[in-house]
Amino acid sequence: MRKTTVLLLLLMVLTGHLLYSKSGRYIVVLKKSPMLLESGTSADNIIRSSVRDNGSSLLKKLAKIKDRQNQENLMLDVNSPAPKNVSYKELWLVNSILVDADNEVLEEIKTDESIDRIIPDFEVTLEDYIDHPVEMDEDIYEDEEKILNWGVRFIKAPEAWEQFAALGQSITVGVLDTGVNSESKVLKGKIALFKDFADPNATAGDSYGHGTHVSGIIVGGSFKKQVIGVAPESKIIFGKVFDVEGKSFYSVIISALQWMSDPDGDPKTKDYPVAINCSFRVPVPEEMTEEQVLDEFNKIALNLLELGIIPVKSSGNSGSETDDTITMPGYSPNFFTVGAVDPEGDRTDFSSVGKPGKTKPDVMAPGKKIFSAKNDKNDTIVTKSGTSMAAPNVCGLIALIKSANNGLKARQIIEIIKSTAVDMEEEGFDHKSGYGYVNAFEAVKKAKLMMGDEPDPAPEPDPAPEPDPAPAPQPTPVPAPQPVPAPQPTPAPAPQPVPAPQPTPAPAPQPAPAPQPTPAPAPQPTPVPGTPSQGNIGMKLPNPFLKETTDNDLKLENLMNHYNLKKVDVPYKLKEIRKNDARLKKMMKKHKLNYK
């Protein structure tokens, strides 16, 4: 008889779908899919209202059950069995309700017409990775002038910083991981928000080390005067989802992603991150098929994209001895899946690969012996390898692109990264290396072009047409709206003698050249395209990694002195180019100086 009862419990099927066990946590999926955001609308209650619209009858039923159980619990005496206490939570991001209950409650609610299926909460684990005990590889990092994290150099992030002043200013990136050591000097002041979903009673920190390392790759500041992170002026919204063993659950992942979609709880504010780094893998549970698991994560990723958030997923570290080693849910078309390359630009031997006919992985990024922050109180770093180190490089790149052109949509950014990637193995897309490894400089450049910015700051010198505006000194006071104040170098004689034209008008003493006061219209260029510029503290040239100009040096110095511009040597962190940027760019172009 007992065997029969156990079998019946195991074989009970809810709404014709998945099995559920004796008691525990369940995801109750509602019939109607969430209403996705339309283009241009804000992240208001459209997705959030799906559960309340579609599951109103079920929510009322659960509320009644809870009230009834509370009344019954009041009648219990000391010798009674443990009190019943159903709990439930709206998972509006996936049009579901998380229910913690026993079989009796499940039997009571399963007939509700709003339910599509009920699935047991299943396990999610941290992606495997390689931890290197060595903290410095002198063969690769012998030159102190180079950036310590070779991956930052490899994807040409410094060039994007220099040329376009794109360092991830005013941008946040989400990370789901093991925790973060916010006291690390590399991450000091970089963690905007932190919430522990694995253990709400735990204090902030990272006993595992993985989350700290990942965060450093994205936003890490300087270590011994060398930049660690791809987007050093961005910040992190961190959700701790793994316990000390690197384990989590589907409901925990959804809860963290839902929080990141609206951190302040006000749907009208756009305070969500531009991307979320996901270093998890999902072992398919016995009660579900691979397709069912993938379907669940497809819904999550699709809604994140609709909100404007790019979910970035590591491809896995199962190697490429056979095809089809990408870990779940890396095959989801809505996740941006990233494999790993080594310092030579070759696919690493551990990087998981797709299978012919599947469009994964999407791109590749540095993932072998990557230096980043360590989870200790000392000012130390450590190297780790894995696609878990590659995905954060792409998250940092997304932050750079967004800081360069804030108007881009999530899917546009994905296409920019794919189209500017450096092809690696088979020509075009292939199932082992995707579209190739990412190129930050070309991606940010394309993002700038898409907003109508000047192509390359150093176009072919065509000096002839430049001097023509010389007879335009009179319009100078009136045309406030346009950067037409190219007549700043109005000393007409100066432009033709290209060598050091600026000193010619005897700069300061001559009040005659009315154009000199022209700096007044400087506020006009304030809208530096794509750069969330704030305040003005005088011009700061983008030269942390600037190669010495040779014969143009003197000219540049004269121009800067003439216009009272400061040359500031910011060693490894670039400040935003302020409102004088457009004026200086035009002026340098006029005098045939490369803006680099």
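Visitor: Does Leu91 count as buried or exposed, and on what relative accessibility does that rest?
Guide: In this predicted model, Leu91 has a relative accessibility of 0%. Buried means under 20% relative accessible area. Leu91 therefore counts as buried.

Visitor: How many Å separate the C-alpha atoms of Leu91 and Ser251?
Guide: Along the chain, Leu91 and Ser251 are 160 residues apart.

Visitor: What share of the residues in the chain is buried?
Guide: The chain has 596 residues, with 14 helices and 19 strands. The buried share of these residues is 53%.

Visitor: In what order do the seven strands of the open sheet stand, and is their pairing parallel or antiparallel?
Guide: Strands of a sheet pair through backbone hydrogen bonds, either parallel or antiparallel. The order in this open sheet is β8-β11-β7-β13-β15-β16-β17, and the pairing is parallel.

Visitor: Which strands stand at the edges of that sheet?
Guide: An edge strand here has a single partner strand, so one side of it is left without a neighbour in the sheet. Neighbouring strands of the sheet are turned by 25° against each other on average, direction ignored. The strands at the edges are β8 (191–196) and β17 (363–366).

Visitor: How many residues of strand β16 are buried?
Guide: In a regular strand the side chains alternate between the two faces of the sheet. One side of β16 has Phe336, Val338 and Ala340, the other has Thr337, Gly339 and Val341, and all are buried. For β16 (residues 336–341), the number of buried residues is six of six.

Visitor: Which residue in β17 is the bridge partner of Val341?
Guide: Strand β15 (residues 310–314) runs parallel to β16 and is joined to it by three bridges, with Lys313 and Thr337 as bridge partners. Strands β16 and β17 also pair in the parallel sense, over four bridges. The bridge partner of Val341 in β17 is Pro366.

Visitor: Which residues is Val394 in contact with, leaving aside its neighbours within four places in sequence?
Guide: Val394 is one of the residues with the most contacts inside the largest nonpolar core. Beyond its neighbours within four places in sequence, Val394 is in contact with Val312, Phe336, Val338, Val363, Ala365, Ile417 and Val438.

Visitor: Which elements do the buried residues of helix α11 pack against?
Guide: The buried residues of α11 (residues 410–420) are Ala410, Ile413, Ile414, Ile416, Ile417, Lys418 and Thr420. The elements they pack against are α9, β15, β16, β17, α10 and α12 (440–449).

Visitor: At roughly what angle do the axes of helices α8 and α9 cross?
Guide: Two packed helices are described by the angle between their axes and the distance between the axes. The axes of α8 (residues 250–261) and α9 (residues 290–307) come within 11 Å. Angles under 35 degrees count as roughly parallel, and α8 is therefore roughly parallel to α9. The axes cross at roughly 5°.

Visitor: Which residue in β12 is the bridge partner of Val124?
Guide: An open sheet of three strands has antiparallel pairing in the order β12-β5-β14. Within this sheet, β5 and β12 pair over three bridges. The bridge partner of Val124 in β12 is Ser248.

Definitions and conventions. Residues numbered from 1 in each chain as written. Predicted model: local features only at pLDDT ≥ 70, side-chain atom pairs only at ≥ 80, totals over all residues. Heavy atoms only, no water. Pairing = 2+ DSSP bridges. Helix = DSSP H or I, 4+ residues; strand = E, 2+ residues; numbered from the N terminus. Axes fitted to C-alpha atoms, helices over the stretch in contact; angles between N-to-C directions. Parallel < 35°, antiparallel > 145°, perpendicular 65-115°, else oblique. Core = buried A, V, L, I, M, F, W, Y, C linked by side-chain atoms within 4.5 Å. Buried < 20%, exposed > 50% of the residue type's maximum accessible area, 1.4 Å probe, protein only. Contact = heavy atoms within 4.5 Å.
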